[in-house]
Structures are given as C-alpha cells and as structure tokens.
Amino acid sequence: MISLKQIRSKQEIADTTRLANSIWHEHFTPIIGKQQVDYMLNKFQSAVAIAEQIRQGYIYFALMLDRRQIGYTCFRIDEDALFLSKLYIQKEFRGRGFSHVVLQTAERLALQHNKSVIRLTCNKNNANSLAVYKKIGFEITREEKTDIGDGFFMDDYILEKQR
C-alpha cells in the first residue's frame with residue numbers, strides 16, 4: 001500500500017536526506033554531473049536545508065510503500081499556485097504509478113488553498129520525468145535558468161497543470 005506521511009521530526013528529515021543522496025546521485029549525476037549534484041544536495045537537501053524549508057512553510061511528505069520510505073515530495077503554497085517543489089522516487093519503484101498518489105495530494109492541497117494551478121520545475125534534460133509530467137497533464141509554460149551559486153545553474157522548464 002502506497003501512502004504519504006508528513007515529514008516533521010529530525011529523524012524523518014535525516015531519513016529523507018539519506019534517501020535524497022541516493023536518488024540524486026543515481027538520477028541526476030548523468031544529467032548535471034557529480035559536482036553539481038553534491039552542491040545541490042548540500043544546499044537544498046541537507047538536513048539543515050530541509051528543516052529550514054519546513055520552517056518557511058514547505059510541506060514535506062515521505063512516500064511510503066507499506067513501512068518503507070521509497071521517495072519524498074514537497075509542496076509550497078504560493079500566492080498564485082501550488083508549487084510542487086520536489087518529487088523523487090527510488091529507481092526500482094519508478095514507473096508504477098506512485099507519482100499519481102503525489103498528484104492527487106497536490107490536487108487536494110490546491111483545492112484546500114483555493115489554487116487553480118499546480119506548478120513545478122524540471123531540468124530540461126530530464127527526459128523521463130518530463131514525459132511523466134506531460135502524461136499526467138502538465139504543460140511547459142516557459143523556460144528558466146537560475147544561478148544557484150558556485151558557478152552552477154538550474155536550467156529548467158516551468159510546467160503547469162490546471163486543476
């Protein structure tokens with residue numbers, strides 16, 4: 001049984017950080033390289049960074065298969081949309097429709113907060129994820145290149161879905 005469990009405790013954050021390291025190195029190293037992966041993990045997915053994001057209002061969930069965390073997701077309520085900040089699933093569990101559980105949660109949160117748009121960013125070279133997002137109804141609305149420091153950039157598509 002797949003479910004989402006809100007991440008709140010230091011242990012849950014630590015577990016998510018370890019999972020992020022595993023997923024990011026496997027999935028993103030071929031796309032953006034090891035140095036940028038290491039930098040982004042430290043800047044955005046360390047225990048300190050996740051705890052700070054939660055304090056700022058980000059809502060993190062562990063994606064649970066029975067009692068095992070197989071991924072994680074994160075949302076932020078923006079003025080004009082629900083922002084799906086993160087959606088990462090371990091390789092062996094991709095392609096099983098688990099992203100639909102996350103999307104259902106996103107739609108429920110958007111409804112609760114009176115948001116008609118769900119927005120996310122995706123690296124332009126992340127072909128598999130882009131295909132999944134398009135399949136579940138997201139459309140590319142624009143491109144964005146963001147300087148994240150130390151000479152690294154995020155080169156993304158912005159995708160949106162009307163609920």
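A charge sits over a ring if NZ of Lys or CZ of Arg is within 6 Å of the ring centre and within 35 degrees of the ring normal. I start my notebook with that rule, and I keep in mind that this is a predicted model.

**Entry 1: charges over rings**

I looked up Lys124 with the rule in hand. Its charged end sits over the ring of Tyr157, 5.8 Å from the centre. I then turned to Lys145, which lies over the face of Phe153 at 5.2 Å from the ring centre.

Next I went to β5, residues 117-123. How many of its residues are buried? I noted six of the seven, so I wrote the strand down as mostly covered.

On one pairing I found β4, residues 82-89, which runs parallel to β5 and is joined to it by three bridges. Leu82 has Ile118 in β5 as its bridge partner. I followed the chain from β4 to β5 and passed through helix α4, residues 98-112; this β-α-β crossover is right-handed.

I also checked β7, residues 152-162. Seven bridges join it to β5, and here the two strands run antiparallel. Leu120 stands opposite Leu159 of β7. Tyr157, the ring from my first entry, has Lys124 over it.

**Entry 2: aromatic pairs**

I searched the whole structure for aromatic pairs and got eight. The rings of Trp24 and Tyr88 have centres 5.4 Å apart and planes at 55°, so I logged the pair as tilted. Where in the chain do Trp24 and Tyr88 lie? I found Trp24 in helix α1, residues 10-32, and Tyr88 in strand β4, so the pair links distant parts of the chain, 64 residues apart. Both Trp24 and Tyr88 are buried.

I looked at a second pair, Phe61 and Phe75. Their ring centres are 6.0 Å apart and their planes stand at 70°; over 60 degrees counts as edge-to-face, so that is the label this pair gets. Phe61 belongs to β2 (residues 59-65) and Phe75 to β3 (residues 68-77), so the pair ties together parts that are 14 residues apart in sequence. I found Phe61 buried, and Phe75 as well.

I also noted one aromatic cluster, formed by Trp24, Phe28, Tyr60, Tyr72 and Tyr88.

**Entry 3: Ser46**

I moved on to the loop between α2 (34-44) and α3 (47-55), where Ser46 is found. Is Ser46 buried or exposed? I read 16% relative accessibility; buried means under 20%, so Ser46 counts as buried. A polar atom of its side chain lies 3.1 Å from the backbone nitrogen of Ala49. Leaving out residues up to four places away in sequence, I listed Thr17 and Leu41 as residues that Ser46 touches.

**Entry 4: Gly137**

My last stop was Gly137, in the loop between α5 (127-135) and β6 (139-149).

Key
Residues numbered from 1 in each chain as written. Predicted model: local features only at pLDDT ≥ 70, side-chain atom pairs only at ≥ 80, totals over all residues. Heavy atoms only, no water. Buried < 20%, exposed > 50% of the residue type's maximum accessible area, 1.4 Å probe, protein only. Helix = DSSP H or I, 4+ residues; strand = E, 2+ residues; numbered from the N terminus. Pairing = 2+ DSSP bridges. Right-handed = clockwise from strand over helix to strand, strands pointing away. Polar contact = N/O pair within 3.5 Å; in protein donor to acceptor, adjacent residues only side chain to side chain. Contact = heavy atoms within 4.5 Å. Phe/Tyr/Trp six-rings, centres within 6.5 Å; stacked < 30°, edge-to-face > 60°.
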